Amino acid sequence: MDAPSPSWQRLYADETFSWIWPPAYEPNSNPPELEQILSLLKPHKEARFLDLACGLGWLTIPLALRGFQVTGYDLSDAMLTRAQQSAGHVNAQIEWVRGDMRSLPASWTATFDCVTLTLSEFGCFHDSDNQRVLAEVARVLKSGGCFLLDIVVNRDELILNGDRNNSFDGGGFFIADKGSLDILSGIFTRAFQWYHQGQRHETSWQIRAYTPPEVKRMLDQAGFRELSAYRNYAGDSLTRDSAGMVFLAQK
Ligand SMILES: C[S@@+](CC[C@H](N)C(=O)[O-])C[C@H]1O[C@@H](n2cnc3c(N)ncnc32)[C@H](O)[C@@H]1O
């Protein structure tokens, strides 16, 4: 197993980069994405969920409040601590586990009805470890269980629309964001630069951008059989201009 991607680990362990952190749980929110995700997964009432790389828990907590049995799993202590605090405020009962998604606990074999991996950096490892994540998900799902995999890039779209330059508000300061794809390796890099309190900062992250057929092949190889792909949780069709990809796979 390769070392975990250092850029990702740094970004999710350090408050300096909170501008890139995933969405936090908003108390009393009823995120529309929750209904859409449940429409795709169609879980039974007592379903047991694993929210993999759960971040700050925007999905983990509403799932638990809906009455499902939920485990939130993440590598980052900072994320888990925040998510746990948010869950405490609304009395959501969740099992929180810290770990690497490439190696899930041995005791979890055939435990879950549904696994979610949302807003995911699926692709932040080398190909063999990305495949290993899928194999681990297949292992911990019960037979017939469903996996929702939401990937933040689509190589077809990156090819279609080319390199990109954006800027966004990082919370009182602007961040320049340059995205470029290396054609041969398939690695997409986002480089960020910003000035804060008179000082220049920069960082970057990288991800292996897959095409939809590549992800399908990897899911097949991991042992999933029924498979559908969408451009979003609403279930709209996946096209080459979809910036992200949502796969629904059944074991
Ligand atoms: C973009 S966030 C998405 C969080 C959440 N799923 C959501 O939809 O908001 C990615 C999360 O993956 C976690 N992560 C990164 N590498 C991981 C690994 N190897 N194993 C488990 N979690 C990891 C990060 O700590 C972070 O919380």
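Which residue in strand 7 is the bridge partner of aspartate 169? In this predicted model, that partner is phenylalanine 174. Strand 7 spans residues 174–181 and runs antiparallel to strand 6, to which six bridges join it. Both strands belong to an open sheet of four strands, ordered 6-7-8-9 and paired in antiparallel fashion. Its edges are formed by strand 6 (164–169) and strand 9 (199–208), each of which pairs on one side only. On average, neighbouring strands in this sheet are turned by 20 degrees against each other, direction ignored.

A further open sheet comprises seven strands in the order 3-2-1-4-5-11-10, with mixed pairing. From one strand to the next, the twist averages 15 degrees. Within this sheet, strand 4 pairs with strand 5 (residues 141–151) in the parallel sense over six bridges; valine 115 has phenylalanine 147 of strand 5 as its bridge partner. Helix 2 (residues 32–41) packs on the sheet and touches strand 4, strand 5 and strand 11 (245–250), its direction making about 140 degrees with that of strand 5. Helix 4 (residues 77–89) lies across strand 2 (69–74) and strand 3, and runs at about 170 degrees to strand 3.

The ligand is surrounded by 19 residues, of which Pro22, Ala53, Gly55, Ser76 and Leu119 are the closest. At least two residues of this shell come from helix 1 (6–13), and at least two from strand 4 (112–120). By class, the shell consists of 13 nonpolar, three polar and three charged residues.

Definitions and conventions
Residues are numbered from 1 along each chain as its sequence is written. This is a predicted model: local features need pLDDT of at least 70, side-chain atom pairs count only at pLDDT 80 or more; totals for chains, interfaces and linings use all residues. A residue is near a molecule or strand if its C-beta atom, placed from the backbone, lies within 6 Å of it. Ala, Val, Leu, Ile, Met, Phe, Trp, Tyr, Cys and Pro count as nonpolar, Asp, Glu, Lys and Arg as charged, and the others, Gly among them, as polar. Two strands pair if DSSP finds at least two bridges between them. Axes are lines fitted to C-alpha atoms, for helices over the stretch in contact, and angles run from 0 to 180 degrees between N-to-C directions. Two residues are in contact if their C-beta atoms, placed from the backbone, lie within 7 Å.
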